[in-house]
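Subject: Structure handover

Hi,

Here is the structure I promised to pass on. Please open it first, then read my notes below.

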Amino acid sequence: MRSRSRPVPDAEEAAHGRARAAARARFWEPVSQWMFLVPAVTYLLLFFGYPIVKNVVMSFQQYTTTTFYTGAAPFAGLQNYTKILSSDLFPKALLTTVLFTAGSIAGQFLVGLALALFFQRRFPLGGVLRSLLLLPWLLPLVVSGTTWRWMLDTDDRVVNKALRELHLLSSGIPWLTGTSQALVSVILINIWVGIPFNTVILYGGLQDIPAHLYEAAKLDGAGAVASFRHVTWPLLRPVVNVVLVLGVVYTVKVLDLILIVTGGGPADATETLATRSYELSFQQFEFGRGAAMSNVLVAVSLVFAFVHLRAHRRARHI
């Protein structure tokens, strides 16, 4: 018997088939891309976008504890912002925030850079020491703050006792109870907490600098200071900018460490914008004013980041 041959589609049908396949591919490609993006976008909108929008809206309302029962939150306009900006505590809290942030960032960066340069050299147990350096960063702030509060509290604790044993002091320093010492104490503790982050990031940046540049600088007669000035610092500046911006954004909103160590005292000596926002919202239950204060805090962070990045951009074009 003669076998029946399978019909072969003509060229026109084949062209239409390829066109339909291409059209389906063009349709499903963006759909598949959005299928991957939708979960991430949904997460960001629910857990970041909604709280931010809600906080902004709340700052223009009289939002108190009764709102949770009645649902009524009358529109207050700029009244919440006017109250917090005209408060006697606001200028002091703003100044304390600036001092706390500047002192913490300067200390963390300088010590972190020094340690990063130190660990750039190879020596026995260098990797072990770098691992141990991460401990202050890995510990929960509750543990770190509680430990430092115990060490600094009263005259017979570890720090004052060690200073007296070394004959550096005749009497103990009121680290946490003195109005002029309390801010210094929380700055020093925050420096201790933030040093590992600065060291790790800066150390990673130093590893990306080609070694032959140092060799060329050495052949030109450059010493350690000249090599740092003309080789290390220019190539490390992008990493430095990232460290400083992230450090400020994190430090300006530090809350838990201050609450644990001093609680904002004594006599509001360590009261910052972050602690003030917490007190308004969760101690005085003035949620509208607390939201307004937190928005001011966000604005301060954004202004610094914008000014710093703009200055860095200008420096690159010089």
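**The loop between H12 and H13**

Pro266 sits in the loop that runs between helix H12 (256–261) and H13. Helices here are DSSP runs of H or I with at least four residues, strands are runs of E with at least two, and both are numbered from the N terminus. Before going on, note that this is a predicted model: local features need pLDDT of at least 70, side-chain atom pairs count only at pLDDT 80 or more, and totals for chains, interfaces and linings use all residues. Residues are numbered from 1 along each chain as its sequence is written, and side-chain values use heavy atoms, with hydrogens and water left out.

Back to the loop. The peptide bond from Gly265 to Pro266 is cis, with omega near -5°. Ala267 lies in the loop between H12 and H13. Its phi is positive, about 55°, although Ala267 is not a glycine. Asp268 is in the loop between H12 and H13 too. Asp268 has a positive phi of about 60° and is not a glycine either. Why point these out? Most residues other than glycine have a negative phi, and most peptide bonds are trans.

Is Ala267 buried or exposed? Ala267 counts as exposed because its relative accessibility is 57%. Asp268, at 29%, counts as partly exposed. The cut-offs are these: buried is under 20% relative accessible area, exposed is over 50%, and partly exposed is in between (1.4 Å probe, protein chains only).

How many salt bridges does the rule give? The count is one. A salt bridge needs a side-chain nitrogen of Lys or Arg within 4 Å of a carboxyl oxygen of Asp or Glu. Here the side chains of Arg276 and Glu279 meet, at 3.5 Å from N to O. Both residues lie in helix H13 (residues 273–282). They are three residues apart, about one turn of the helix. Arg276 is buried, at 9% relative accessibility. Glu279 is buried as well, at 10%.

**Aromatic rings**

A pair of aromatic rings is described by the distance of the centres and the angle of the planes. Rings of Phe, Tyr and Trp (its six-membered ring) pair if their centres lie within 6.5 Å. Planes under 30 degrees apart count as stacked, over 60 as edge-to-face, and the rest as tilted. The structure holds 14 aromatic pairs. One of them joins Phe118 and Phe119. That pair is edge-to-face, with 5.4 Å centre to centre and 70° between the planes. Phe118 is partly exposed, at 45%, while Phe119 is buried, at 6%.

Now look at Phe285 and Phe287. Their ring centres are 6.3 Å apart and their planes are at 55°, so the pair is tilted. Phe285 is partly exposed, at 40%. Phe287 is buried, at 13%. Both belong to one aromatic cluster, which also holds Tyr63, Phe68, Tyr278 and Phe282.

**The nonpolar cores**

A nonpolar core is a set of buried Ala, Val, Leu, Ile, Met, Phe, Trp, Tyr and Cys residues joined through side-chain atoms within 4.5 Å. The largest has 16 residues. Which of them touch the most other members? They are Phe109, Leu202, Leu236 and Val240. Helix H4 (89–119), helix H9 (182–207) and helix H11 (224–251) each give two or more residues to this core. H11 gives the most, with six.

Leu236 touches Leu113, Leu202, Gly205 and Leu206, not counting residues up to four places away in sequence. Contact means heavy atoms within 4.5 Å.

Val243 lies in helix H11. Val243 is buried, at 2% relative accessibility. Beyond four places in sequence, Val243 touches Phe109, Asn198, Ile201 and Leu202. Val243 and Gln108 are 135 residues apart in sequence and 10.0 Å apart in space, C-alpha to C-alpha.

**One more helix**

Thr67 is found in helix H2 (residues 67–70). Thr67 is buried, with a relative accessible area of 6%.

Best wishes
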